[in-house]
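Colleague: I am learning how to read a structure residue by residue, and I would like a close look at a single part before anything else. Could you take me through it slowly?

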Amino acid sequence: TLKVRAGYGISGIRGRFEAERTLRARRTARGWRIASSAGRRARPPWELARYGAVRTRHFTILAPAALATDGLEEALEGGYARMRDVLVDGVLRRRYLVVVAGTAADARRMTTGIRGVATLAAISDSAVREEGPADRVVSVASQRLLVVWPPFATLDADGRARVVTHELTHAALAGRTSGRTPGWLLEGVALYVSGDRRVGAAARFVAGDAGRVSRRALTLTGLSEPGAIGQLGGEGQSAAYAYSSAAAFYLAERYGRKRFLRLYSAFNDPALTEPEGPELTAAAVRRTLGIPLLELERDLRRWIVTRAVVDPFAP
């Protein structure tokens with residue numbers, strides 16, 4: 001039994017894409033032969049289907065050869081141009097790898113630790129190295145965009161551009177994102193930059209009109225762990241995205257974009273020594289905005305409900 005780290009690289013793309021694998025080998029008359037490969041996650045795409053490659057100006061696209069990905073190239077390049085126009089921090093790479101998953105099941109097999117893949121149209125997947133008490137990123141080993149084709153294909157042109165911009169925001173900020181950044185802020189900044197305003201949906205979830213979901217999906221405290229949203233599924237994850245969007249737009253409108261982004265960067269400060277999660281989030285909010293986390297939560301929910309009453313059909 002062999003524990004190995006298998007990796008691959010793509011010409012023109014910075015970094016390598018690696019994963020640990022467990023192989024079982026059997027001695028035969030012709031020598032050692034690999035009998036099986038254990039593990040259902042973190043699989044390279046060509047172990048799931050026959051893939052082909054297409055290059056555009058800023059992307060190398062790997063897609064199943066039998067899958068028609070009409071409109072994908074235009075969506076990617078359009079999202080790249082849009083991201084370059086609204087980039088508020090971080091750096092876009094000149095070229096990214098895009099891997100298309102033909103099904104949600106294939107997307108799950110190519111990733112690790114991501115729940116609710118079936119509800120996502122695309123995922124930004126970055127491998128980073130963090131150091132120090134603030135889990136500050138010191139290097140980005142690899143980045144790719146994973147497009148889950150069935151939900152992505154149902155989007156219109158604006159929806160596809162929003163999704164690409166959202167994921168490119170994660171990619172551009174990967175080198176400046178602490179491993180301690182809370183889930184709601186991590187997703188909130190990408191929703192904000194991509195113009196994905198979901199205040200109306202947040203109001204319906206808060207009022208209970210969009211189905212019952214876990215309370216932690218609708219509080220900043222409950223979404224303060226870095227992987228909080230990724231651990232949710234179904235309606236809970238949808239509610240968490242809506243609440244994170246509302247929080248981001250509220251912060252940008254109430255405190256200004258610069259202070260909102262200072263809050264995003266605050267988690268890189270090793271002087272904040274509180275335990276990761278609600279306590280750390282409260283300390284960062286207090287330092288950046290000058291108010292307790294519970295006061296921010298109260299003001300945010302009041303703002304969400306007010307928007308729903310004043311203009312119930314607003315996004």
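In which helix is the place of Leu185?

Modeller: Leu185 has its place in helix H5, which covers residues 183-193; helices (H or I, at least four residues) and strands (E, at least two) are DSSP runs, numbered from the N terminus. Please keep in mind that this is a predicted model, in which local features need pLDDT of at least 70, side-chain atom pairs count only at pLDDT 80 or more, and totals for chains, interfaces and linings use all residues. Residues are numbered from 1 along each chain as its sequence is written, and side-chain values use heavy atoms, with hydrogens and water left out.

Leu185 counts as buried because its relative accessibility is 0%, where buried means under 20% relative accessible area, exposed over 50%, and partly exposed in between (1.4 Å probe, protein chains only). Leaving aside residues up to four places away in sequence, Leu185 touches Phe260, Leu263, Tyr264 and Phe267, a contact being heavy atoms within 4.5 Å. Ser224 is 39 residues from Leu185 along the chain, and the C-alpha atoms of the two are separated by 8.2 Å.

Ala248, Leu251, Ala252 and Tyr255 in H7 meet Arg257, Arg259, Phe260 and Leu263 in H8. The residues of this contact divide into six nonpolar, no polar and two charged; here Ala, Val, Leu, Ile, Met, Phe, Trp, Tyr, Cys and Pro count as nonpolar, Asp, Glu, Lys and Arg as charged, and the others, Gly among them, as polar.

Two packed helices are described by the angle between their axes and the distance between the axes. For helix H7 (residues 234-255) and helix H8 (residues 257-265), the axes come within 6 Å and cross at roughly 130 degrees. These axes are lines fitted to C-alpha atoms, for helices over the stretch in contact, and angles run from 0 to 180 degrees between N-to-C directions. H7 and H8 are therefore oblique to each other, since angles under 35 degrees count as roughly parallel, over 145 as roughly antiparallel, 65 to 115 as roughly perpendicular and the rest as oblique.
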